[in-house]
Amino acid sequence: MQTSIHEAARAVEEADFLLLASGAGLSADSGMATFATLTSKMGEALGEGVTYDVAAGFDCFTKDPSLFYGFWFASARGYADGEPHAGYGVLRAWRERAEARAE
């Protein structure tokens, strides 16, 4: 098992690129709202039956731009106020190592 962990770490360290796919948990661990929690926090401001995926979508941009921009500005405010947790530092370090190797 220990050998497998070291092999995996070496593969990440030597990779030309690393594609990470994460869910809302990465941001939620920093105390940031997820799309689902934004729906409940914004509640009535979104309107009857409007959920985050409706407010955030391109259809909303064309049909109700004020709702679309209101949703995204509220989201951006939360992102700007968020404090990244240690996991973001790990990701930054991986990126910086990859960029240094590419130079």
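**Exercise 1. Find the residues that S30 is in contact with, leaving aside its neighbours within four places in sequence.**

Step 1: Contact means heavy atoms within 4.5 Å. Under that rule, the partners of S30 are E83, P84, H85 and Y88.

Step 2: Look at H85 again. Its backbone nitrogen is reached by the side chain of S30 at 3.1 Å.

Step 3: Is S30 buried or exposed? Buried means under 20% relative accessible area, exposed over 50%, partly exposed in between (1.4 Å probe, protein chains only). S30 counts as buried because its relative accessible area is 14%.

A word on the source: this is a predicted model, where local features need pLDDT of at least 70 and side-chain atom pairs count only at pLDDT 80 or more, while totals for chains, interfaces and linings use all residues. Residues are numbered from 1 along each chain as its sequence is written, and side-chain values use heavy atoms, with hydrogens and water left out.

**Exercise 2. Work out which residues make up the largest nonpolar core.**

Step 1: Such a core is a set of buried Ala, Val, Leu, Ile, Met, Phe, Trp, Tyr and Cys residues joined through side-chain atoms within 4.5 Å.

Step 2: Here the largest one has 10 residues: L38, M42, L46, V50, A55, A56, C60, L67, F68 and F71.

Step 3: Now trace the helices (DSSP runs of H or I, at least four residues, numbered from the N terminus). At least two core residues come from each of α3 (35-42), α4 (52-56) and α6 (65-81). With three residues, α6 gives the most.

Step 4: Finish with L67. Beyond its neighbours within four places in sequence, L67 is in contact with A45, L46, V50, A55 and C60.

Key:
Polar contact = N/O pair within 3.5 Å; in protein donor to acceptor, adjacent residues only side chain to side chain.
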